Amino acid sequence: MIKRVLVLSATLFGVMTLYAQNKQLLYDFYEIPQALLLNPGMKTPYAWHSGVPLLSGFSIQAGTSGVSVNDIFANDGIDFTTKVREEVVNGLRKNDEFGGSGQIEIFSVGFRNANRPSDYISFGMYGEGFIAQYWPRDLAILAFEGNANNLNRRFSLNHIATQGEVVNVFHFGISRELNQKWTVGARVKLYSSVFEFKSANNRGYFVTTPGESNILRNTLVADVTLRTSGVQEIIDILEEDTNATQADLANLLLRRSLLGGNLGIGFDFGFTHNFRRNSVITASILDLGFIYHSNAVKNYTLNGAATNEGIEIILPDDFTNFNDEIWQELVDDLEAQVPFETNERSYFSLRPFKAYASFRYNFGEPRTRTKDCGCGVNTISRTDDLGYKSAVGGQFFMMNRARGPQVAVTGFFQQRIGNALAVKTTYTVDKYTFSNVGLGASLQAGPVNFYILANNLLGYANIPNSNYASLQFGFNILSWNDN
Amino acid sequence: MRRLFPVVIIIVLFFSCAEEQDFDQFDDLNVVPEIASSIFYFESDETTINVAGTGAFYQETFTFEAFNEAFISDNVLDGVITYQLENTTSKPLGLLIEFLDAGGNVLDSESFVIQEDPAPMLERQVAYGDGGRPLDILRNTTNIRVEGQNMGDASSQSSQSDPKIILRSSGAFRLQLL
């Protein structure tokens, strides 16, 4: 049973693992309204848009660093334990990670403000979640090898770092074209946390050394905390294991999604700046905010220091002080010195903010059919308003993580093909892979917009051997600026 | 050419490949760490031994449930207990270590005799499990009895600055975690 669970875990963390949250294909792909969620100051060539509920934005990303599923599970005849020891236990470093993220847009709507056409207003709701598990290298070695042959080696508890959450987000944003050169935007977000767990910045170690009196001395120094909110409620329901479990779980998730969980607030900011004739720079910063966790909180702590050289009997002192329950006394002392405790203290969690920036050079001549509506914004034919036929540029992504910022650099080429199709291809370098080639397309069929974006296409030649994969797609109904 | 783009996307996404994987290999995973810890430490100075006279100078039984903790007893494959005995007193001494079950029955015992100072340190390793003594000894041990014997006189005093008998012990056990 344990092995099955571990297989499932390995599958979740190995095959399905997702992460990075870098949406380099979608960023500034302004034919797609969902790109507004990556830069509220993006160019908005629409009169209005409405996402198809539940189908307007779906994304899933997968990433592992340091090892791929194929490294471990390839049917290559090599002893499995040997592969795990070499590729995982000894191969991975503490900054290697498994993780995942997904997002589903529940609904999204946008429209141009009739009274102030330079403003494009958008709002909606989406749910997202992620999990990031850093590889606990020292603890893995301790579990795999034990301490007997690792005398004097400190196994760091700092290697324990994990984080995950599911959150529902209500958002409202405005993109304002200040003039021909500048577009700025902001978005306010209300977070409804379904659940969250996080353990980071842990300290301490376990070490076995030659003893001062006895043969060996084991020392544990620990300052480890795991904060959770909403998790225990889910566990309680799952442990019920009754006919009502599924319904209870659905009700709980729905309640906590719709403002019945822990709440928070955040902001996105961004801009687009046109300079010279065909050059554009953009930047955005997302999820500057926090969630205050005050209900269904359960935190776990392991804090203290203890050394152990076994039971000691020293005469003549123990003639008079001897306690025949000396073993239990030893256990009680250790538990008192390094207590494992729980508490329900409320806490703030900062959102893992993200930042994008890009430089873009447009070239090729779009069709020129400019119309002036006299409303301050040149609402013009689609191709013209999109302002390019071809574009090339670079993007930068950064995300704040438990072990410092995670960055990615992307080069891209974008091409419009007629009025109906735009494609974008990217090459991205990050910690997961140096060979991430992505391809995305936005297809317009009448008022219906469909987009699909996929990363690390080279990895699709052998998916298990890939360290990263992502897929995004969605449907929108939209009207371009044409009145 | 333009029509090729969506075709390419579809081909890439839906006709991707996967080298053959064998997830059943997980059943072959062996995680067998070797854990080590001191077990107990016994020390008596020569004055205390002299006061007790010849023969048994100490006997005590105490609980010791490290071996029958579920984590150990369920997973232990084999192990070695190491004893180190030092004697800097002026008399030969004997120590008897007995492993007892919950009913007080002796499951195993280890007897030591060490000559008076200057005797070299006596070290003994006792294996349990494959090729050694039965693991059930460890699994069922809930108490340890220690008995010290003065096999010399009760009046002499070693010229060492702090003469004493010391027994150190530690265990190293391989556990089958997976």
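Five strands, ordered S13(A)-S1(B)-S8(B)-S3(B)-S6(B), form an open sheet with mixed pairing. Strand S13 (311–315) of chain A and strand S6 (122–129) of chain B lie at the edges with a single partner strand each, so one side of each has no neighbour in the sheet. From one strand to the next, the twist averages 15°.

Strands here are DSSP runs (E, at least two residues), numbered from the N terminus, and two strands pair if DSSP finds at least two bridges between them.

Tyr83(B) has Ser169(B) in S8(B) as its bridge partner.

## Basis of the model

The model is predicted: local features need pLDDT of at least 70, side-chain atom pairs count only at pLDDT 80 or more, and totals for chains, interfaces and linings use all residues. Residues are numbered from 1 along each chain as its sequence is written, while chains are lettered from A and ligands numbered from 1 in the order in which they are written.

## Partners of strand S22 in chain A

Strand S22 (residues 468–480) of chain A pairs antiparallel with strand S1 (residues 46–51) of chain A over five bridges; there, Trp48(A) stands opposite Ser479(A). Strand S2 (residues 58–64) of chain A is also antiparallel to S22(A), through six bridges, with Ala62(A) opposite Ala469(A).

Eight bridges link S22(A) to strand S21 (residues 448–455) of chain A, again in the antiparallel sense. Tyr451(A) faces Gly474(A) of S22(A) in the pairing.

Terms used:
Helices (H or I, at least four residues) and strands (E, at least two) are DSSP runs, numbered from the N terminus. Axes are lines fitted to C-alpha atoms, for helices over the stretch in contact, and angles run from 0 to 180 degrees between N-to-C directions.
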